[in-house]
Amino acid sequence: MGYPDQRFDVNLSILFTELPLLERPAAAAAAGFTAVELWWPWIETPTPPQAELDALKKALDEAGTQLVGLNFYAGQLPGPDRGALSVPGTESDRFRANIEVAADFAASVGCGALNALYGNRVDGVDPAAQDELALENLVTAARAADRIGAVLLIETLNKPESPRYPLVSAPAGIEVVDRVNAATGLGNAKFLLDLYHLSMNGEDLSQVIAAYADRTGHVQIADNPGRGAPGTGSLPLEQLLDELTKAGYDGWVGLEYKPGDRPSAESFAWLPATARAAR
């Protein structure tokens, strides 16, 4: 048990950001990793030119890195936005325009998980109306994910850093997962269990793992406080990942932490080099 028994991937939207996007897969590979994930890289557009999609695919292929997770378009992220799918008007339209683009790109690189960030509450809009719009868009996204043999991920964030985001507890995220699966009958909506966000919400992480490991499609980690690498805070991350394994989770664990003031490649000392390649 312990870190060497996990399947880690590197989130290239928070690590190696000192490099241009197309250089990050090779940097991750040079650090010993063969699996990566990404937030939607084109924050200004849900429908980038095909040449840019092709260039990213080439960078992943040439580095020998497998993309194992991809966000749908989520607005300005990093930035003030936390998704687009529940935001009426232009942002919802942009999310819808992105669904097939993201799914087709995921299919082209063999990525089996698409993450749909819910979006912030909007002043003057009935939350129930936002939830209705969200379900409609999530159903469409789940069907697109199913078309390519992928799962749709629903992520819980944390209230201190995302005060307008409505899914700030594990039960709230699971409720949306269940609602989407009930509407589609596909069963491919899964929970994205982020130990950092859940800890920021003050949840009992062991209890969350015991309750929801069987509905979890992806895991992400960072230490708390600080959202740094494991060992920079006080979370017992190695123990918690062992609990996930014992509960039956055998999927990817995304490294979604801030490297601090050092180059990203220097932030992996906590993980033996022999444990970094995908297995």
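Mentor: UniProt, in an unreviewed entry, places the feature "domain: Xylose isomerase-like TIM barrel" at residues 26–272; its positions are given in the numbering used here, feature names are shortened, and annotations may be inferred rather than shown by experiment. The model is predicted, so local features need pLDDT of at least 70 and side-chain atom pairs count only at pLDDT 80 or more, while totals for chains, interfaces and linings use all residues. Residues are numbered from 1 along each chain as its sequence is written, and side-chain values use heavy atoms, with hydrogens and water left out.

The span 26–272 is 40% helix and 14% strand, and its end C-alpha atoms lie 19 Å apart. Helices (H or I, at least four residues) and strands (E, at least two) are DSSP runs, numbered from the N terminus.Eight strands close into a barrel with parallel pairing, in the order β1-β2-β3-β4-β5-β6-β7-β8; two strands pair if DSSP finds at least two bridges between them. From one strand to the next, the twist averages 30°. Strands β3 (residues 66–71) and β4 (residues 113–115) run parallel and are joined by two bridges. Leu 70 has Leu 114 in β4 as its bridge partner.

Now the helices. Helix α3 (residues 90–109) packs against helix α4 (residues 127–147) at an angle of about 10°, with their axes 9 Å apart. Axes are lines fitted to C-alpha atoms, for helices over the stretch in contact, and angles run from 0 to 180 degrees between N-to-C directions. α3 and α4 are therefore roughly parallel to each other, a term for angles under 35 degrees. By class, the contact of α3 with α4 has six nonpolar, three polar and five charged residues. Ala, Val, Leu, Ile, Met, Phe, Trp, Tyr, Cys and Pro count as nonpolar, Asp, Glu, Lys and Arg as charged, and the others, Gly among them, as polar.

Definitions and conventions
Parallel < 35°, antiparallel > 145°, perpendicular 65-115°, else oblique.
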